[in-house]
Amino acid sequence: MAWVKSDRDEVLKEYPNLKDFLPYLDELNKESPRGKVLISTGYLEQMLEDILSSFMMQSKIVDDLFEGGNAPLGIFSARAKLAYSLGLISEAEFQDIDIIRRIRNDFAHDMKASFSNDSVKSRCSQLKHKAPDGVGMVAAEGQFTSAATGLLLNLVNRAAYVSQTRRSYGNWRR
């Protein structure tokens, strides 16, 4: 890991919450542009599941919401919309997740999709979590990668925080 000046174990000792994030960075740096999109959105989708399930009651029914052919929260957009609707992610996070989801769909459904396509470049320029670019020097791929990484860093502890307000059955009056 060239980007880290200290030993991975030292970093994880001080920041145990990065145990899944550091391998993501390692894999991200090995990937093709299409691979960067797919690995980033896959990790975001898993993070949204973790955030939502940390908020919901502990139950087999909750697992069924995410897994299986008819799982209502089995798709990326449904997870993002619910997380935002419940106040578990901010509006800016939701908007970037939605843009990243659209970029993922471009790459997943068009074998000629690339970061040089006008539609992909336009979407990347709209990302709020991207690295600042005062003079237009960051290309679309860099905008995407920095936004996805920044967004993931924002969310890396969210499931732990959300679990502190985990839902339980209320004793509702009749």
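The chain comprises nine helices and zero strands, both taken as DSSP runs numbered from the N terminus (helices H or I, at least four residues; strands E, at least two). The model is predicted, with local features requiring pLDDT of at least 70 and side-chain atom pairs pLDDT 80 or more, whereas totals for chains, interfaces and linings use all residues. Residues are numbered from 1 along each chain as its sequence is written, and side-chain values use heavy atoms, with hydrogens and water left out.

The C-alpha trace spans about 60 × 40 × 30 Å along its principal axes. Of the 174 residues in the chain, 40% are buried (under 20% relative accessible area, with exposed over 50% and partly exposed in between; 1.4 Å probe, protein chains only). Among contacts (heavy atoms within 4.5 Å) between residues at least 6 apart in sequence, 59% join residues at least 24 apart.

Helix α2 (residues 21–30) packs with helix α8 (residues 140–155) at an angle of about 170 degrees, the axes lying 11 Å apart. The two helices are therefore roughly antiparallel, a class assigned to angles over 145 degrees. On the α2 side, Phe21, Tyr24, Leu25 and Leu28 take part; these meet Thr145, Ala148, Thr149, Leu152 and Leu153 of α8. Seven of the residues in this contact are nonpolar, two are polar and none is charged.

Within α8, Ala148 is buried, its relative accessible area being 0%. Leaving aside residues up to four places away in sequence, Ala148 touches Tyr24, Ser40 and Ile100. Ala148 also lies 10 Å from Ile99, C-alpha to C-alpha, although 49 residues separate the two in sequence.

Five aromatic pairs are present in the structure, a pair being rings of Phe, Tyr or Trp (its six-membered ring) with centres within 6.5 Å; planes under 30 degrees apart count as stacked, over 60 as edge-to-face and the rest as tilted. The pair of Phe21 and Tyr24 is tilted, because the ring centres are 5.7 Å apart and the planes stand at 40 degrees. Both residues belong to helix α2, three residues apart, or about one turn of the helix, and both are buried. Tyr84 and Phe94 form a stacked pair, with 5.0 Å centre to centre and 20 degrees between the planes. This pair links distant parts of the chain, with Tyr84 in helix α5 (residues 76–85) and Phe94 in helix α6 (residues 91–109), ten residues apart. Tyr84 is partly exposed at 32% relative accessible area, whereas Phe94 counts as buried at 18%.

Methods
Axes fitted to C-alpha atoms, helices over the stretch in contact; angles between N-to-C directions. Parallel < 35°, antiparallel > 145°, perpendicular 65-115°, else oblique. Nonpolar A, V, L, I, M, F, W, Y, C, P; charged D, E, K, R; others polar.
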